[in-house]
Amino acid sequence: MTAYDPNNIFAKILRGELPAHRVYEDERALAFLDIMPRAPGHTLVIPKNPARNLLDIDQGDLGYVAGIAQRIARAQMAAFAADGITVQQFNESAGGQVVFHLHVHVIPRHEGVALRPPATYKASQDELAASAEKIRAALEHVPQKWEPLLR
Ligand code: AMP
């Protein structure tokens with residue numbers, strides 16, 4: 001498999017070289033808004049350790065990222081009065097992957113509302129800032145009880 005490229009866009013976001021609307025960060029993971037949301041609040045969760053995708057990520061990091069995705073999903077349910085959540089994760093070009101640092105898409109859903117097709121809508125900075133603020137506020141009320149299970 002192709003080696004991890006430290007100059008991918010998400011590695012640059014992790015290093016602070018590119019901006020992002022960050023909704024959650026700790027020593028192992030970062031969650032930020034997708035700039036082309038398929039629905040309002042569309043968030044990406046990534047590990048801090050380098051990993052190209054599902055095929056090379058450390059199992060502990062994968063579990064940790066899944067736990068953060070769960071936490072983001074719970075916050076989105078409240079923040080957007082969502083009816084459900086779609087989680088997506090793509091691997092290699094043939095699998096639909098475009099950015100080669102593992103990321104989990106966590107997308108709030110509403111009954112009867114289809115996802116926008118991928119890469120068709122670029123959100124304004126104002127929209128992203130407002131969505132990020134809603135998720136950060138809702139996260140305050142999401143318990144962190146699951147954390148010990150992942151250590
Ligand atoms: P994929 O690799 O197919 O899962 O898609 C990569 C995702 O990253 C797409 O949904 C893009 O809209 C998103 N994306 C690309 N560049 C950025 C960026 N600078 N900040 C946030 N999201 C991005």
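Visitor: In what order do the five strands form the open sheet?
Guide: Keep in mind that this is a predicted model. The order is 1-2-3-5-4, and the pairing of these five strands in the open sheet is antiparallel.

Visitor: Which strands stand at the edges?
Guide: Strand 1 and strand 4 (84-88) do, and each has a single partner strand, so one side of each is left without a neighbour in the sheet. On average, neighbouring strands of this sheet are turned by 20 degrees against each other, if direction is ignored.

Visitor: And what holds strands together, in general?
Guide: Strands of a sheet pair through backbone hydrogen bonds, and this can happen in a parallel or an antiparallel way.

Visitor: How many bridges join strand 3 to strand 5?
Guide: Three bridges join strand 3 to strand 5 (residues 104-109), and the two run antiparallel.

Visitor: OK, helices now. Which strands does helix 2 touch?
Guide: Helix 2 packs on the sheet and touches strand 1, strand 2, strand 3, strand 4 and strand 5, while its direction makes about 160 degrees with that of strand 3. Helix 3 also packs on the sheet, where it touches strand 1, strand 2 and strand 3, and its direction makes about 35 degrees with that of strand 1.

Visitor: How do the axes of helix 2 and helix 3 cross?
Guide: They come within 8 Å and cross at roughly 110 degrees. An angle from 65 to 115 degrees counts as roughly perpendicular, so that is how helix 2 stands to helix 3.

Visitor: Which residues meet there?
Guide: From helix 2 they are Arg-71, Ile-72, Ala-75, Gln-76, Ala-78 and Ala-79, and from helix 3 they are Lys-134, Ile-135, Ala-138 and Leu-139.

Visitor: Which residues of helix 3 are buried?
Guide: Leu-128, Ser-131, Ala-132, Ile-135, Ala-138 and Leu-139 are the buried residues of helix 3. They cover an arc of only 130 degrees around the axis, which means that they lie on the same side of helix 3. These buried residues pack against strand 1 (22-25), strand 2 (29-33), strand 3 (43-47) and helix 2 (59-79).

Visitor: Last one: how far does helix 2 reach?
Guide: Helix 2 has 21 residues and reaches 30 Å from its first C-alpha to its last, close to the 30 Å expected at 1.5 Å a residue. Its buried residues include Tyr-64, Val-65 and Ile-68.

How values were computed: Residues are numbered from 1 along each chain as its sequence is written. This is a predicted model: local features need pLDDT of at least 70, side-chain atom pairs count only at pLDDT 80 or more; totals for chains, interfaces and linings use all residues. Side-chain values use heavy atoms; hydrogens and water are left out. Buried means under 20% relative accessible area, exposed over 50%, partly exposed in between (1.4 Å probe, protein chains only). Helices (H or I, at least four residues) and strands (E, at least two) are DSSP runs, numbered from the N terminus. The arc is that of the directions from the helix axis to the C-beta atoms. Contact means heavy atoms within 4.5 Å. Two strands pair if DSSP finds at least two bridges between them. Axes are lines fitted to C-alpha atoms, for helices over the stretch in contact, and angles run from 0 to 180 degrees between N-to-C directions. Angles under 35 degrees count as roughly parallel, over 145 as roughly antiparallel, 65 to 115 as roughly perpendicular and the rest as oblique. The expected span of a helix is 1.5 Å times one less than its number of residues.
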